[in-house]
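Dear colleague,

I am handing over the structure we spoke about, and the notes on what was found in it follow below. Please keep the sequence and the model open while you read.

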Amino acid sequence: MKLKNSPSLVPSLFSCRCPKCRKGSLFVPFNFKRLGSLFTMNPVCQACGQTFEPEPGFYFGAMFISYAMNTALFILVWVIYSYLTSNFSIVTLLILMGIASILLLPIFFRLSRTIWIYIFIRFDSKAKAD
Ligand SMILES: [Zn+2]
């Protein structure tokens, strides 16, 4: 059942919103002068106060989600490369996989952490700052 005015799960997940209120951002805004900002999380939600690191090492499990995403990426790169080329080279394939995984690293990092926290923290339509 969809509650009125409640943000939907999928758009909230892909825009890395707080799992509890789906309004606050999980990550700090990206700044071109600080590339590390791609990987920096807000400690708590600005909208509802939910902590984004419920316990030390919480995001260790996000590694498994990232692993699955990279496996899917490698299969996709392999299929596309095999389809487009007539003289298949394993070295070229590995280089293409490396480039693809480096380019998508910030997206996979953010998405895997977001999916991981969405598994453990449920949406609360009444969530707000105390
Ligand atoms: Zn929140």
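In what follows, a residue is called buried under 20% relative accessible area, exposed over 50%, and partly exposed in between, with a 1.4 Å probe and protein chains only. By that scale proline 56 is exposed, because its relative accessible area is 76%.

Two sentences on the source are needed before the rest. This is a predicted model, in which local features need pLDDT of at least 70 and side-chain atom pairs count only at pLDDT 80 or more, whereas totals for chains, interfaces and linings use all residues. Residues are numbered from 1 along each chain as its sequence is written, and side-chain values use heavy atoms, with hydrogens and water left out.

The zinc site

The protein donors of the zinc ion are Cys18 (SG), Cys21 (SG), Cys45 (SG) and Cys48 (SG), which lie 2.2 to 2.3 Å from it. Donors here are N, O and S atoms within 2.8 Å of the metal (3.2 Å for Na, K and Ca), and since water is not among the atoms, sites may look incomplete. The arrangement is tetrahedral, because the four donor atoms around the zinc ion subtend angles of 107 to 115°. Four donors count as tetrahedral if all angles lie between 85 and 135 degrees; for comparison, the ideal angle for four tetrahedral donors is 109.5 degrees.

Along the sequence, the donor residues follow the spacing C-x2-C-x23-C-x2-C. Cysteine 45 and cysteine 48 are both buried, the latter because its relative accessibility is 7%, and cysteine 21 counts as buried as well, at 3%. Cysteine 48 sits in the loop between α1 and α2, where helices (H or I, at least four residues) and strands (E, at least two) are DSSP runs numbered from the N terminus. Although cysteine 48 and cysteine 21 are 27 residues apart in sequence, their C-alpha atoms are 6.5 Å apart in space. The structure holds zero disulfides, a disulfide being a pair of cysteine sulfur atoms within 2.5 Å.

The loop between α1 and α2

Arginine 22, found in the loop between α1 and α2, has a positive phi near 60° and is buried, with a relative accessible area of 15%. As background, most residues other than glycine have a negative phi.

The nonpolar patch

Ile75, Trp78, Val79, Phe88, Ile90, Val91, Leu94, Ile95, Ile99 and Leu103 make a nonpolar surface patch of about 1000 Å². Patches are made of residues with over 30% relative accessible area and no salt bridge, like charges being joined within 9 Å and nonpolar side chains (Val, Leu, Ile, Met, Phe, Trp, Tyr) within 5 Å. A salt bridge is a side-chain nitrogen of Lys or Arg within 4 Å of a carboxyl oxygen of Asp or Glu, and accessible areas come from the Shrake-Rupley method with a 1.4 Å probe.

Helices α2 (62-84) and α3 (90-103) each supply at least two residues of the patch, and α3 gives the most, with six. Phenylalanine 88 lies in the loop between α2 and α3 and is partly exposed, with a relative accessible area of 42%.

Finally, tyrosine 83, in helix α2, counts as exposed because its relative accessibility is 71%. Tyrosine 83 and arginine 122 are 39 residues apart in sequence and 42 Å apart in space, C-alpha to C-alpha.

With best regards

Notes: Four donors count as tetrahedral if all angles lie between 85 and 135 degrees; four count as square planar and six as octahedral if opposite donors are over 155 degrees apart and all others between 65 and 115; anything else is irregular.
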